[in-house]
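Please open the structure in your viewer and keep the sequence panel beside it. The tour below goes from one selection to the next and says what can be found at each stop.

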Amino acid sequence: MEHVRIEQRGPVAFLRMDRRERFNAMDVAMARDFRKAGLQLARDPRVRAVVLRGEGGVFCSGADLKYIRAGGDASSLGYLSPRAREVPRGYGEVFKQILEYLHSAISEIRRAPKPWIAAVDGMAAAGGFGIAMACDLVVASERASFEWAYGKTALTGAESSTFLLPRLVGFHRAMELALLNPRLEARAALEMGLINRVFPVDRFDAEVEALADRVANGPTASFAVTKALLNEAAGIDRLDFHLDRELENLARSADGQDFAEGIDAFFGKRPPKFGGA
């Protein structure tokens, strides 16, 4: 795995996203490796807690828009389905191939009989935002930020974000984040209820490891049952269905004229002019 690494320290495993030249954004190959690593850690009985981190001062910026704008990579896409070699209508097919892997990994994170901790140091935006919210605990450094970001390029939400966000912060705050897209600094995210704790930058690594050790050395069999019960109470049994709906609708929006305008504006570093299509 080129851009996803696993490190094991006793009962704690660290899953590190490391594609720092692209702000840890996901192309198909990285999303495939993320799914592979996620499944491995979710099902390994020797792992009692997992810490998900990004390298290079960034957590994750979601799907790689530069890669998507270029139409993907035939060598990465071709083995999945013949149609993936052609993107005649827009960008939806490339998004679908990435999201199928990410959504599968998110489903495993939620079902895993062990705690997953997102340790956010730097930016978590769009898909990175959704992946962080899918974890059981979310902690951040003081320099972390959280941004919905999908609407900046006329995309609908994915990576579990439209499912979990109203459950975390309530309906109206979820709508505020989606429609107004504020960039939340760590303290604001804590006050809103998006995350659990904020640590100083110079103590972040040590605090994350101490938290992970505390959880991993706890009654993890009991934690597994508690997590399953809380999932049930929160309606997480519907998550897989909702992930399919997110994928379907984001791919459709990516084939629209507004996304074509949004991605051109993003790389042209200009405000987009959306027409509502």
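**First stop: Asn181 and its surroundings**

Select Asn181 and display what lies around it: leaving out residues up to four places away in sequence, Asn181 touches Glu147, Trp148, Ala149, Lys152 and Glu176, where contact means heavy atoms within 4.5 Å. Before going further, note that this is a predicted model, in which local features need pLDDT of at least 70 and side-chain atom pairs count only at pLDDT 80 or more, while totals for chains, interfaces and linings use all residues. Residues are numbered from 1 along each chain as its sequence is written, and side-chain values use heavy atoms, with hydrogens and water left out.

Asn181 belongs to the loop between helix 7 (171-180) and strand 9 (184-185); helices (H or I, at least four residues) and strands (E, at least two) are DSSP runs, numbered from the N terminus. Is Asn181 buried or exposed? Its relative accessibility is 18%, so Asn181 counts as buried, given that buried means under 20% relative accessible area, exposed over 50%, and partly exposed in between (1.4 Å probe, protein chains only).

Now show the side chain of Asn181, which makes a polar contact with the side chain of Glu147 at 2.8 Å. A polar atom of the Asn181 side chain also lies 2.7 Å from the backbone nitrogen of Ala149. A polar contact is a pair of N or O atoms within 3.5 Å; within protein, one must be able to donate a hydrogen and the other to accept it, and residues adjacent in sequence count only if both atoms are side-chain atoms.

Strand 6 and strand 8 (residues 145-147) run parallel and are joined by three bridges.

Within strand 6 (residues 123-125), pick Met123, which stands opposite Ser145 in strand 8. With a relative accessible area of 23%, Met123 is partly exposed. Apart from neighbours within four places in sequence, Met123 is in contact with several residues, including Phe23, Val58, Cys60 and Ser145. If you draw a line between the C-alpha atoms of Met123 and Phe146, it spans 6.1 Å, although the two are 23 residues apart in sequence.

Move on to the open sheet of six strands, whose order is 1-2-3-5-7-10 and whose pairing is mixed. Strand 1 and strand 10 (197-199) stand at the edges with a single partner strand each, so one side of each is left without a neighbour in the sheet. From one strand to the next, the twist averages 20°.

Select strand 1 (residues 4-9) and strand 2 (residues 12-17), which run antiparallel and are joined by six bridges. They form a hairpin with two residues between them, and Gly10 in the turn has a positive phi of about 60°. To follow the pairing, find Val4 opposite Met17, and then Gln8, whose bridge partner is Ala13.

How many of the six residues of strand 2 are buried? Six of six are buried, with Val12, Phe14 and Arg16 on one side and Ala13, Leu15 and Met17 on the other. In a regular strand the side chains alternate between the two faces of the sheet.

On its other pairing, strand 2 runs parallel to strand 3, with six bridges between them, and Ala13 stands opposite Val50 in strand 3.

**Last stop: two helices**

Finally, select helix 6 (residues 161-169) and helix 11 (residues 239-254), whose axes come within 9 Å and cross at roughly 120°. Axes are lines fitted to C-alpha atoms, for helices over the stretch in contact, and angles run from 0 to 180 degrees between N-to-C directions. Helix 6 and helix 11 are therefore oblique to each other, since angles under 35 degrees count as roughly parallel, over 145 as roughly antiparallel, 65 to 115 as roughly perpendicular and the rest as oblique. Where they meet, you will find Ser161, Thr162 and Phe163 in helix 6 against Leu239, His242 and Glu246 in helix 11.

How values were computed
Two strands pair if DSSP finds at least two bridges between them.
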